[in-house]
Each structure stands twice: as structure tokens, then as C-alpha cells.
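Please open the model in your viewer and keep the selection panel at hand.

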Amino acid sequence: MATRNKKSPDNTRKPNRKPIYLKVALALISLLAVLLVTQRPASTQEQSQDLTARDTMQIEMMDGVEVVAREAIVRFNTPRLELQRHLNHAISMVNASGHRAIGPAGLDIFHFRSKDMDTRALVDLLSRLPGVMYAQPNYVVRTQLTPNDTRFGEMWGLNNTGQVVGGQTGIAGADISAVSAWDVSTGSSSTVVGVIDTGVDYNHPDLAANIWSAPAAFSVTVGGQTINCPAGSHGFNAINNTCNPLDDNNHGTHTSGTIGATGNNGSGVVGVNWNTRIMGLKFLSASGSGNTADAIECIDFAIQAKARFGAQANVRILSNSWGGGGFSQALLDAINRANSNNMLFVAAAGNNNSNNDTTAFFPANYDAPNVVSVAATDNRDAKSSFSNFGATTVDLGAPGTNILSTVRNGGFSVFSGTSMATPHVSGAAALVLSRCNLTTAELKSNLLNNVDPVSSLSGRTVTGGRLNVDKAIRACSGGGNQPVTIFFDNFEANQGWVTNPNGTDTATTGQWERGVPEATSSSGPKQLGTTVSGVNDLVTGRLAGASVGANDIDGGVTSIRSPLITLTQGGGNNFTLTFSYYLAHLSNSSPADFFRVSIVVGNTVTPVFEELGAATNDNAAWATATVNLSQFAGQTIRILIEAADEGGPSLVEAGVDDVRITRQ
């Protein structure tokens, strides 16, 4: 179960992406316009100028794919005499700023734009309206999705066009096929990559948006010592036992940039993931050296942070661009602990041009199920001259010669080494997880089973190939098919949620209800008067009352339960629950106060998400939570949402919006 003490500002932060516009031949537009005008009944020819004559479009990311903001394509399936009535109803329900008929006459396909609904809410609402056969986003299409980062053309490892790098002309396509993979996904902030290295420059303009931040103050115990980490800290420094992993070397910042430099922000470089979260785990000093004990502490920190915050510190990959020394049972034990906590351990094969089958190089040579050992290749798909190899001990190759990435103080530089190859694989693992719900074993198999065979690695690596992230992500995501929404509620209509369903609630005020919320404020906002989409949400006492706290939760627990939802298998068995929420309180709160989400099957109640109160002033701000429901596949469930003021006379408010379950 995911548990949090307070909200993280990173939950709602999105990377700064500037639109890349699709140009369509004018002749095609003219032909389509003629068809529409000449073949449509007058009642369906209304066309607003912003739909038909625009030169620009606003773009949103939806499930890792670009869509036109606030737009949808809808097909009606209704008798001709009923079409106009259903069309008018749809226009009213979505607060349409424009609509037009598209496609051949008789198919009744329309293009909608809403004034105020985001794309996901718009599609979900339209799909539920009477007379609608289907509703889908208006996808942004391109020849290939390429970022506008100014130095992307130098990043041959992601997109090799045959450019000259380091004096050597490359071979087009000798790369990890990132551009094609980005047509499927550009990453997700729900996956955290722990970079065990020299630290990370978390202030770098091309990294800051993708750095993990602790959602609340917390403590860990490493090396027998309790380390207290403040909210907003970005990882761990094992050298001085603090929670400040600021890089003082450049190496860790460089590897971090390959994993997740912010994409499409109009400057610098781009990572394999445009959007991710990087946790800095520093054990290497300014000189680039470190020791096994500190490496173990970094692994243990990541495990404890994940246990503490759950989905808010979902460390799935540990990236390790380092090595040396002899066999350490203690380090192997730590790597196995990481495996038990569902973490892939990606490691550099070494830079000695030696055979790891005969001369072991650690940690890449550890025989643990979660270890992936990475060799380096150049821009002609040759094994890099320095790279170690091993037919049974090195798994695959990845670009590692003349790699451009971020360095400290906002800079960029070119480095070479298996250290540079490793984050390509770590980043690819994170990108795959942004679309596919895989265990660590499945993730490793996915990466190794979808390489590009290259002769330079044949007989020198386990797979005989170089990383191909496009093959990997399409192999597990069904070629880029979108997750299917099987339940959605933004509370604009009554879908049958029941307050106090068991008759056991103890709250005397502030009970859950669906409605238009009124804002309240005390030392900052405590109940939001705005929703995520539409005008309604679920809120604990929607009215502000005569005074602050008049309608907050008092006296105990309030609960509300969803209608029945069947997690039907078929077309995918991975189920994900997402919802927007807030829990707000004054400093007179305590951990006895809580916000909790559970899944109810029959009489069994399973908590899946929880946020606790604290003796701090925590203002209301919408956050997004994601919960894996695959354990309930094939069952009929209800969602139970609870909030409580159990800590005495404290002020506690909560809200929920946009509850969604998808299957993939």
C-alpha cells in the first residue's frame, strides 16, 4: 500500500514542452472542406473558425502520447432523425467552443473542442453520452516525434543519421531507436530511477523538472545511523550521511541526463525519457572514487525511501556506471535486496577491453537475477575499443562513445565509457515501464529479447545485440495501443457513489458529498473551490460555512463508496487506478488524521493508498496518485474513499476528482 505524510509539489509538475506543428497539404484541406460543405445537412455544417482555420494547436500529453488539448473525435450511432438532438446534447454537456463534421457523409463523425475540459475528461464524458458509438482524442501525428532540444542533432545514440561525431561518420540507424519509441511514450513521472554515482546537479535547467523530491520529511537507517531527510530533498549522500546528493564531479549529472534530461523544452539535450524522476544516490567523491560500504548504503536508502513513500518514490531501476574491486558478498546481498523490492540493477561492464567471462568485473558480474551488464558501442555499431565484453556475463551493448549529455552548472559535455552506455539501458527500462506494467524479471527479459543483432557483439555478449528501446516498448505495449478506460468519473453526473455505505461513519460534519465546492482558507487554501475537470468533485463538506472550519471533517471518519466495477480480463490484465486528490490541514493535525483509498471485494477491504496528517500546515493542492490494481483482475470491486479527523480539534479537508481505472 502506498502511504504518504503530505503532498509533493512534483505530483502535478509537467515538463515544459513547446508544440511542434503538423503541416497538412493545403490541397487536402481544400478537398476535405468541399466534401464536408457539399455533402452535410445544414444542421451539421456549423464550423467554428478555431477548428477549421488555425495555424497552431495546443498540445497535452495523455498516457504518454501527444493529443490536441481539449479536442476529441466522436462518432454517433443513432437514427438520422435523432442525430441533431444527440449532437446538441453533446455540445451542451462538454461546453463546446466549436464542432464540425468530418469524414464521409453518413458516418456521422464530428470533431469537438471544449472551452474548459481537458482531453481525458472530454473523451470520457463524450463516450458515455447517449447515441455515441465511440469518442477518442484528436491525436497529434508526425512523421516521427522528435524533440526541439537545440543539441538533439548531436545525440547519435538516440538518433543516428550518419552525422560525424568525434571525427567519425556514423551509420544511420546505429542507435537505440528512441525517436520511434517516443511515438509510443515519452516517459512518466511515476517511475523513479536511482542513479548511484557522484550525485546529480538537481539545479541543472535540463534536469530540474525530472528530479525526484521527497514528498515529506522522513528518516532512514543506514549503517546503523538514523538519517533525517527534509521534505523536498532529492536523494542521499553516503559520503557525509546527508540527504543532499549534489554532484561535485560531473559524472553522475552526465549519466542522469542520458536517462532523463527534459525533452522538448527548446534548449540543451534530451534524455531517453522526456519525463521521469531521478533520485540522486551519491557515494563517489569529487575525484570519482568510492567504496563498497557506501554503495550498499545507497541501495538501502532507495529501498527504504520506496517503502516509506510507495508510489511517490517508486524506484524501479538502479543505474550503476561504476565498478572495480573484488567480489563482495555484502554488495551482492544488497543487490538481491533490491531485486526483492522490484528494482532492476543496470551496471557498466567496464572499460578495460577485457573478457568478463575470464576476469570478473563487479558489480556487473554479480550473479543476481536483476543485474543487467552493459557494453559500449560506437556510432558505427562497433564495440567501443575500450569496452569489456563477455559471451556469458555481458548482456547487451548500448551507445557509449562520444555521448553528449548534461554536466554541472548548467553545462553540456561529451564523455565516453561503458558509464555512458549504462544510462541508455536504465533510461530504456524506465521508458518501457511508462507504458508496461512489468515485474523486474519481465522488464529484464523485455530489454534483452528485443535488441538489434550487431556483428561486433556476436559471441561477445549474451544477446549478441545492441539496445533497441522501440522494439522493447512495442513488444510489451501491443505496438503502442492505448490503455482502455473501463471506469471514469469526474462527478459531473451521479454514477451512484454512496456516503457512509456501512452506516459506521463517526464524523459529525464534513461528510463526503458530490457537488460544486466552495473555497475555504486558513493560513492558505484548505478547501479548493476549483476542480480538476468540470465543476463538481467529491469533497468533505462542499459549503464554506459561516466561518473557517464550520464544515470541515469533525468527530471522526467519513466514507464514500463507488458503484460496482468489474475488472474484466481480455485485451490485457494490467489494471491501474489513478485519481486526483488533496488532504489539507492546519498544524494542529496529527498522523491520526488520514485520507485513505481501499478496494472492496465482497466483505474484504484492502487499503491501497493512504496519506497521513502531520503537525504542519498543509495547504490544499491537487495531486495525482497511481495504484496498480492488477491483483484484482477478473473481480468485481468497489472503491472506498475515507477521510478522518481523529486527532482532536484539528481542521481537516479533503477532495477527490477524476477517478479512472484503465486496462492494458
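A crossing is called left-handed if the near helix is turned anticlockwise from the far one by less than a right angle, and right-handed if clockwise. Helices (H or I, at least four residues) and strands (E, at least two) are DSSP runs, numbered from the N terminus. The model is predicted, and local features need pLDDT of at least 70, side-chain atom pairs count only at pLDDT 80 or more, and totals for chains, interfaces and linings use all residues. Residues are numbered from 1 along each chain as its sequence is written, and side-chain values use heavy atoms, with hydrogens and water left out.

Select helix α7 (residues 292-309) and helix α8 (residues 329-340): they pack at an angle of about 15°, with their axes 10 Å apart. Axes are lines fitted to C-alpha atoms, for helices over the stretch in contact, and angles run from 0 to 180 degrees between N-to-C directions. The two helices α7 and α8 are therefore roughly parallel to each other (angles under 35 degrees). The crossing of α7 past α8 is left-handed. Contact means heavy atoms within 4.5 Å; residues of α7 that meet α8 include Ile296, Ile299 and Ile303.

Next, select helix α6 (residues 251-260) with helix α9 (residues 418-433), which pack at about 35° with axes 8 Å apart. Here the crossing is right-handed. Among the residues that meet are His251 and His254 in α6, and Met420 and His424 in α9.

Finally, select strands β10 (residues 218-222) and β11 (residues 225-229), an antiparallel pair with 5 bridges (strands pair if DSSP finds at least two bridges between them). Val222 has Gln225 of β11 as its bridge partner. In this hairpin, with 2 residues between the strands, Gly223 takes a positive phi near 60°.

Notes. Angles under 35 degrees count as roughly parallel, over 145 as roughly antiparallel, 65 to 115 as roughly perpendicular and the rest as oblique.
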